Structure formats: C-alpha cells, structure tokens
Amino acid sequence: MRRLLRDNGLSIAMFGLFFVFVSAQSVMGLLDYNSTQEEHGQPPVSYVQYLGSGDFVEAIFENWESEFLQMGLYVLLTAVLIQRGSAESKDPEAQHPDDGDYGEDMDVDVPWPVRKGGWTLRLYENSLSIALLALFVFSFIMHAVGGASAYNQEQLEHGGTPVSVPEYLATPRFWFESFQNWQSEFLAIGAMIVLSIYLRQRGSSQSKPVASPHGKTGG
C-alpha cells in the first residue's frame, strides 16, 4: 500500500482535491439554489434533485470545458511551437525521442501500439490531444444541455419562452459563460510558460533546476 501511494501520490492528491472541492461546490450550490427558489416562492429541492438540475450541470461543465480545451490545445501547440528558456517548452536544439524512427530493438515494456505500427501507431502518437479534445467536446455539449435547462427554468419563471439546446447555443449568455472561462485558462498557462523562464520551484517537474540559466529550455 505504501508503494502504491508513493508511486501514485500525485494523481491521488489531484483527484482527492477534485472530489473535496466538487463536493463543496455542490453543497454551496444547493444552498444558493434553494435561496433563490425561496425568493421566487418556489419549494426547495433535495441534494439529489440539485445534482440533476441544469444549474449544477451547467456550472460543472462550463469549467471542465475550458480546462480540457486549454490542455488539448496546449499539448498540440507544444508539439510545434517553442518558448526559449521556458520549462514548459521543448528544447529546439535537442532531438525529441519521437523525432527519430522506432527501431527494431525496442524495450519489452514499449506500449503495444508502437510494436503494432501502422494506423494504430499513428493514432497512439496523437492519443493525448485526441482524448483531451474529445473531453472538451463532451463538456461543451453538457454545458449547452445544462445551460439550456437552467435558462429555460428562468424563462418560465419570468413568463418567457423556452428554447432548444441549439437555440441556446446562439445566445450571448452561452458564449459569455464560455469565453469568460477560456480566457482565464490561456492567461494562466501563458503566465506559467513565461514565469518558468525566470522563476524556480525546487523539486517540481514543472520547473527547471534551481541553478539552470534563464536561457535553458525544457524542464
């Protein structure tokens, strides 16, 4: 068990923090939602009912959408662009392992798509960006579905006309929610790229070694 925790500590910590904060978000969201219900003379909803509401679904997926878009595009852009001096960039002077051909004397632990070759290898070579962008598309759709549900509830409460999911996609509200999250994600990763040129964090894989020159590129 100790070895399992040591070897997987980073992912366990990240997913643990995720569950802590998403649970806190759901509880605070429920309290805020029922407060609004009371203001409008509507009955409060249960925790389970709130988890299935458009309000909660929209809040969750509009944030996931921006995260996966940022990471998917970041992975793609770091494959073709560089930032000299950044720990987040490939070194333009050094050959990346994937720049060479896959030899016959491959390690026994090499992933099976590499051994198989052909279209399987081509897909595997781009599988990280494909997975991240697929998660973005899924989150984008769920944001639209949840947002349309929350929007329609507000429309009915104010005597308005409900809209379909495609119609909601054409509203300024949907794109305002998306763009306000997208811009913050790209600002954060851009700041990370530039700050890693000049600043250090001892022991972090996201930082260059403390004594590295500012011009050294790559972690």
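Begin by selecting Glu 177 and Arg 173, whose side chains meet in a salt bridge at 3.5 Å, N to O; the term denotes a side-chain nitrogen of Lys or Arg within 4 Å of a carboxyl oxygen of Asp or Glu. This is a predicted model, in which local features need pLDDT of at least 70 and side-chain atom pairs count only at pLDDT 80 or more, while totals for chains, interfaces and linings use all residues. Residues are numbered from 1 along each chain as its sequence is written, and side-chain values use heavy atoms, with hydrogens and water left out.

**The salt-bridge network**

Glu 177 and Arg 173 are four residues apart in helix H9, so about one helical turn separates them. An α-helix has 3.6 residues a turn, so residues three or four places apart point the same way. Helices here are DSSP runs (H or I, at least four residues), numbered from the N terminus. Glu 177 is buried, at 9% relative accessibility; buried means under 20% relative accessible area, exposed over 50%, and partly exposed in between (1.4 Å probe, protein chains only).

Glu 154 is partly exposed, at 36% relative accessibility.

Now select Glu 58. A salt bridge joins Glu 58 to Arg 173, with the closest N and O atoms 3.9 Å apart. Since Arg 173 belongs to helix H9 (residues 172–198) and Glu 58 to helix H4 (residues 54–80), the pair ties together parts that are 115 residues apart in sequence. Is Glu 58 buried or exposed? Glu 58 is buried, with a relative accessible area of 6%, whereas Arg 173 is partly exposed at 23%.

Show the four residues together: Glu 58, Glu 154, Arg 173 and Glu 177 are linked in a network of salt bridges. The whole structure holds seven salt bridges.

**Along helix H7**

Select residues 127–157, which form helix H7. Its 31 residues reach 45 Å from the first C-alpha to the last, close to the 45 Å expected at 1.5 Å a residue; the expected span is 1.5 Å times one less than the number of residues. After H7 comes Gly 159, with a positive phi near 75°.

Turn to Asp 32, Glu 38, Glu 39 and Asp 55, which gather in a patch of negative charge on the surface. Patch residues have over 30% relative accessible area and no salt bridge; like charges are joined within 9 Å, and nonpolar side chains (Val, Leu, Ile, Met, Phe, Trp, Tyr) within 5 Å. Helix H2 (residues 9–39) gives the most to the negative patch, with three residues. Glu 39 is in helix H2 and is exposed, at 62% relative accessibility.

Finally, select Val 27, Met 28, Leu 31, Tyr 47, Val 48 and Leu 51, which make a nonpolar surface patch of about 560 Å². Accessible areas come from the Shrake-Rupley method with a 1.4 Å probe; for residues, only the protein chains shown count as cover. H2 and helix H3 (47–51) each supply at least two residues of the nonpolar patch. Tyr 47 lies in H3 and is partly exposed, with a relative accessible area of 36%.

Technical notes
Lys, Arg positive; Asp, Glu negative; His and termini not counted. Charge placed at Lys NZ, Arg CZ, Asp CG, Glu CD.
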